[in-house]
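Reader: I would like to go through this model and ask what stands behind each label. Please show it first.

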Amino acid sequence: MTKQKTKNYFKAGKNDIYWVGSNFQEYFGKMDFVKVAETTLQVRKLECNMLDKEILEQWKPEESSLSEFHYALENWEKVGLLKDGYANIFYIRDEDNTLWAVGADWDADRGGWDVSADGVDGPYGWGAGRQVVSRNGLFDTKTLGEFVSR
């Protein structure tokens, strides 16, 4: 499998990417990823405002990889990503093993994904209507009925 450079793929003006935030560029830009042919991801919409800490503690989404993030953006319809301006939230580790909330939201006016990365310990949360993505369909099994697997 061929490795791809994150900084070359996740770049404004390429691959349906309109904007890439400075944190994503700084903490993920030097990393490589491998394009995957298929992966199983599960999505769940926030019904109320939640902090990353609350999402991680209560829902226990399984962390995604850059490969899965790439797959999701290229196969957004199959995965069930939102393309209505609301963020799709992935939890991804950088090369220093720091966990980040990586957001991807579709900017319909500009025709591309806005990609950002925010620390998971921040005081700002995600509003209702945003969507959390978990790899391999593993959220907290007590509430599995509330998720959509794709």
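This is a predicted model: local features need pLDDT of at least 70, side-chain atom pairs count only at pLDDT 80 or more; totals for chains, interfaces and linings use all residues.

Reader: Which strand does E6 join through eight bridges?

Author: E6 is joined in this way to strand E7, residues 112-119, and the two run antiparallel. In this pair, glycine 103 stands opposite serine 116 in E7. The hairpin of E6 and E7 has four residues between the strands, and there glycine 111 takes a positive phi near 70 degrees.

Reader: Why is E6 called largely enclosed?

Author: A residue is buried when its relative accessible area is under 20%. In strand E6, residues 99-107, eight of the nine residues are buried, so the strand is largely enclosed by the rest of the structure.

Reader: Which strand pairs with E8 in the parallel sense, and which runs antiparallel to it?

Author: Strand E5, residues 88-93, pairs with E8 in the parallel sense over two bridges. At one of them, asparagine 88 has glutamine 131 in E8 as its bridge partner. Strand E4, residues 41-45, runs antiparallel to E8, and five bridges join them. Here arginine 44 stands opposite valine 132 in E8.

Reader: Why does serine 67 count as buried?

Author: Its relative accessibility is 11%, which is under the 20% cut-off, so serine 67 counts as buried. Serine 67 has its place in helix H4. Leaving out residues up to four places away in sequence, serine 67 touches Phe33, Val34 and Val36.

Reader: How many residues of helix H4 are buried?

Author: Eight of the nine residues in H4, which spans residues 66-74, are buried, and the helix is mostly covered. Among the buried ones are Leu66, Phe69, His70, Tyr71 and Leu73.

Reader: Is threonine 2 buried or exposed, and how do you know?

Author: The relative accessibility of threonine 2 is 58%, and exposed means over 50%, so threonine 2 counts as exposed. Threonine 2 sits in the segment before strand E1.

Reader: Which residues does threonine 2 touch, not counting residues up to four places away in sequence?

Author: Threonine 2 touches Phe33, Val34 and Lys35. Threonine 2 and valine 34 are 32 residues apart along the chain, yet their C-alpha atoms are separated by 6.1 Å.

Reader: Why is asparagine 15 called partly exposed?

Author: The label covers values between the 20% and 50% cut-offs. Asparagine 15 is at 35% relative accessibility, so it counts as partly exposed. Asparagine 15 lies in the loop between helix H1 and strand E2.

Reader: What phi do asparagine 15 and aspartate 16 have?

Author: Asparagine 15 has a positive phi of about 55 degrees although it is not a glycine. Aspartate 16, found in the loop between H1 and E2, has a positive phi of about 60 degrees and is not a glycine either.

Reader: How many helices and strands does the protein chain have?

Author: The protein chain has five helices and nine strands.

Reader: What makes the protein chain as compact as a globular protein of that length?

Author: The globule rule gives 15 Å for 150 residues, and the radius of gyration of the protein chain is 14 Å; the two values are close, so the protein chain is as compact as a globular protein of that length. The C-alpha trace spans about 40 × 35 × 30 Å along its principal axes.

Reader: What share of the contacts with a separation of 6 or more joins residues 24 or more positions apart, and what share of the residues is buried?

Author: Such residues account for 71% of those contacts. Buried residues make up 45% of the 150 in the protein chain.

Notes:
Residues are numbered from 1 along each chain as its sequence is written. Side-chain values use heavy atoms; hydrogens and water are left out. Buried means under 20% relative accessible area, exposed over 50%, partly exposed in between (1.4 Å probe, protein chains only). The radius of gyration is taken over C-alpha atoms; the globule rule is 2.2 Å times the number of residues to the power 0.38. Contact means heavy atoms within 4.5 Å. Two strands pair if DSSP finds at least two bridges between them.
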